[in-house]
Amino acid sequence: MALSNVRLTGKRRRPAALLVFALAVLAVWNRPGAAEVPASAPALYTAAEVTALLGRADALGLDAAPAWRILLHWDGHESRVDDPAFFLAPDGKRDARAELQATLLALCTPAPGTAPAAADRFPARLEWLCEMLGLERTRLPVPACAEFEAAVRSLEPRQAVLVFPSAYLNTPASMFGHTLITVRGRRRSELMNQAVNYAASVPPDTNGIVFAFKGIFGGYPGYYSLMPYYRKVQEYSDMDQRDVWEYDLTLDAPEIRRLLLHVWELRNIRSDYYFFGENCAYNLLYLLEAARPGLGLTQRFNGIRFWVVPLDTVKAMREAGILANATYRPSLATRVRRDAARLSPEDGELARRIGTGELTPDALLAGNRLPADRAGAVLDLGAAYLQSLRGRRKISQETYQPRYFSILSVRSQLPPAAPEPADAAAPARPDEGHASGRLTLGAGSDGGRPFLELSARAAYHDIMDPGPGYVPGFEVQFARLDLRWEEDPGRLRFERLDAIRLKSFSPRDRFYRPLSWELNTGVVHERIGHAGRDAYTAYLDGGPGGVWPLGAGAWVYGVLGGDLRLGGVDDGAALGLGPKAGVVMPVGSRGQLHAYGQWTGFFAGDPAANWEAGLEQRWSLSRQLAVSLSVARRETWGFAANEAALRVFVYF
Amino acid sequence: MSRRIIALAALVCLAAAAAMAQDKGVPGPSSNTPRDNVGIGLGTLIFDGSDGLVQQVLAATTNGSCGNQTFAITSGTSGAKPWSKLVMNEEINHFVRDNMDTLAREMARGSGETLDTLAELMGVQPAERAAFAKDVQANFRRIYSSANVTHTEVLENLDQKG
């Protein structure tokens, strides 16, 4: 009925108008899409939908995906992480599928009470599952970890860097290093990079033996921590005097994001620290694999060759193609030595005396004996030297403060330092050194008897092995076995088994006077007595010494060593003492010559005066191949013989 | 009675710990994160280094045993209210606190990575950094005003010159 056709007479007009007005209002009110009616929010995934998602995750086999296994730090059988807080399923440590199901469920369901949301605890898992299953974030109770997103926005990550601090002063084992990762952010300065480090948490003042035992057998919890890189630079460069290598990593922006997401998941998560296996270097590999699944880095160390040498992980990264340019950051002590080499010996000595306080800055400047620029260089070197002494705790803060301050106060009044010369050459990169395992084939004659020699060494480096990438004078050898086959009487014989051989030969100069030392132990075959009877003795020898540079890369060493023998010798045991000295010098660019002599007087047990003098010339043919020629004359318990040998070394 | 037993047990534990701690101590944080208002002077060591040879060998082999439990993202003040005093800017405050000695040495010589980083944090543009370095070298004695100057004083002195 059209309204226009209705003619209302007077008395019914007002109520009719009211009725029309009411109908009109109601019509407007109920119009769909009107502003007053709110649109319905996307609902959380229903229980049925979640069940379907769990089924789809199973169908896709997501729990077996490499990316999932990496996020769980899977070693093939179980997760390497030991903290229950890392797992949502009760048996999550051993069951990757159960953990995935529990994670998916927790991400889709609001957390009970005040418990933290799964999305806040495991943002990397959230991101990966969303991608794999096409989850709609708006339908999850928590779509992203707000704290993480804010932190990443503030950091503005642009590149990841692998940092490798090399050897401590006087500690050969440390040359196999440590690894940590830094991320370059919005700051240009490297010092402001974000450092990610995995380390054991050790209470201060721990007894040394307890420390070694617990460190080896997983007695300490390990944690990932984040801090500004400058704190690490201070620790390594200024205090520990370790040279540092910084390798650019070829990870792109999404990969760096995945790395950071996974680091966030590991916040305050404990993973037991094992020196040989699950150490700093191994645990960092999971971060890199989380960034780029398929790198296969951790797999290399999950098998028979289970020991993880940080330097080996760097080499593995190189082979996986993720390392780019390397930057060398010399330690404070290295820079002191370099700067001293640029000054005259007289100025170097002045700088040393400034650092030790024997000469005051005012006395240095008195009488204007030195031009201003030389005085500035001397004071700079003196201050750096003094700072390095404080870093090594050779001097108390009370003595240090006024001396350091007065040097710098006077220095600041002199003209600014000249720019560093650009010719400062960096040493060879540690990852370019020879491989840690070694196989030797040799032939020679010992006491007139010809022999063939086969030797295998598990690790790592002796002072005559090819030098590039290694610290000169440092030796660490583990598990070396030498076998010989003699034509007459035609038998294969065990020649030596070295358990450990360590040398720390650090040259002394006017600034630093490290004490050198060596320590060796194992079992060795010797011929003793006039008849040359075969004997096998266990030995432990070593002692302190000194090393002095001779110029042109050559150095001379002297050690006073003790020598303890058990078994083999006539009395069953012997104890001796004696000096050892030698010279090592480079020959051309690929060779080294070692001339040595040693004498040991055994005074307890079976007495004797053993001695040896020899010469060895070794050449590197390539990075993994070397050859050597050696001659020696030795006398052991009255039996004297000459030995000459040619050996080929293959590193693998 | 139980309180006395606890006290006695605590004493025994302390004695045992003291006995075990005969060696000089391996690298471990001595002052984890000093509070900002505690002034740090020259020669303060962040980490408690150790000198003993045995400790060195062992420490080196259990690499990275400095268990510092920090989990701090290096954050800046992007988007935050600009600071009124340098000492209140956490990023600069911590940087100067942790780099007192190297900063002093580079200021005195007029160049260096640490000094350049400080300039960046203070908002000095790259083109102005040479002038900044020259300026701080000339004002060194005012910035590092005494041998036992603390990092908060250095920050205040840096503020005044600006």
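What pLDDT does chain B average? In this predicted model, local features need a pLDDT of at least 70 and side-chain atom pairs count only at pLDDT 80 or more, while totals for chains, interfaces and linings use all residues. Residues are numbered from 1 along each chain as its sequence is written, chains are lettered from A and ligands numbered from 1 in the order in which they are written, and side-chain values use heavy atoms, with hydrogens and water left out.

Chain B averages a pLDDT of 69, and 52% of its residues score at least 70; pLDDT is the predictor's confidence in each residue, from 0 to 100. The pLDDT is below 50 over residues 49-68 of chain B, a stretch with 69 contacts in the model beyond near neighbours in sequence (contact means heavy atoms within 4.5 Å). Residues 77-81 of chain B also stay under 50, and the model has 5 contacts for them beyond four places in sequence. For the complex, the predictor gives an ipTM of 0.84 and a pTM of 0.83.

Chain A contains an open sheet of 7 strands in the order β6-β4-β3-β2-β1-β5-β7, with antiparallel pairing. Helices (H or I, at least four residues) and strands (E, at least two) are DSSP runs, numbered from the N terminus, and two strands pair if DSSP finds at least two bridges between them. The edge strands, β6 (271-273) and β7 (323-329) of chain A, each pair on one side only. From one strand to the next the twist averages 30 degrees. Strand β5 (residues 244-249) of chain A is joined to β7(A) by 5 bridges in the antiparallel sense, and Leu249(A) has Leu323(A) as its bridge partner.

Further along chain A, strands β10 (residues 474-486) and β11 (residues 491-504) run antiparallel and are joined by 12 bridges. Glu486(A) has Arg491(A) as its bridge partner. The hairpin of β10(A) and β11(A) has 4 residues between the strands, and Gly490(A) takes a positive phi near 70 degrees there. β11(A) also pairs with strand β12 (residues 516-528) of chain A, in the antiparallel sense over 8 bridges; Gly522(A) of β12(A) is the bridge partner of Asp498(A).

In chain B, the axes of helices α3 (residues 90-98) and α5 (residues 113-121) come within 10 Å and cross at roughly 165 degrees. The two helices, α3(B) and α5(B), are therefore roughly antiparallel (axes are lines fitted to C-alpha atoms, for helices over the stretch in contact, with angles from 0 to 180 degrees between N-to-C directions; angles over 145 count as roughly antiparallel, under 35 as roughly parallel, 65 to 115 as roughly perpendicular and the rest as oblique). The contact is made by Glu91(B), Ile92(B), Phe95(B) and Val96(B) of α3(B) and by Thr114(B), Thr117(B), Leu118(B) and Leu121(B) of α5(B).
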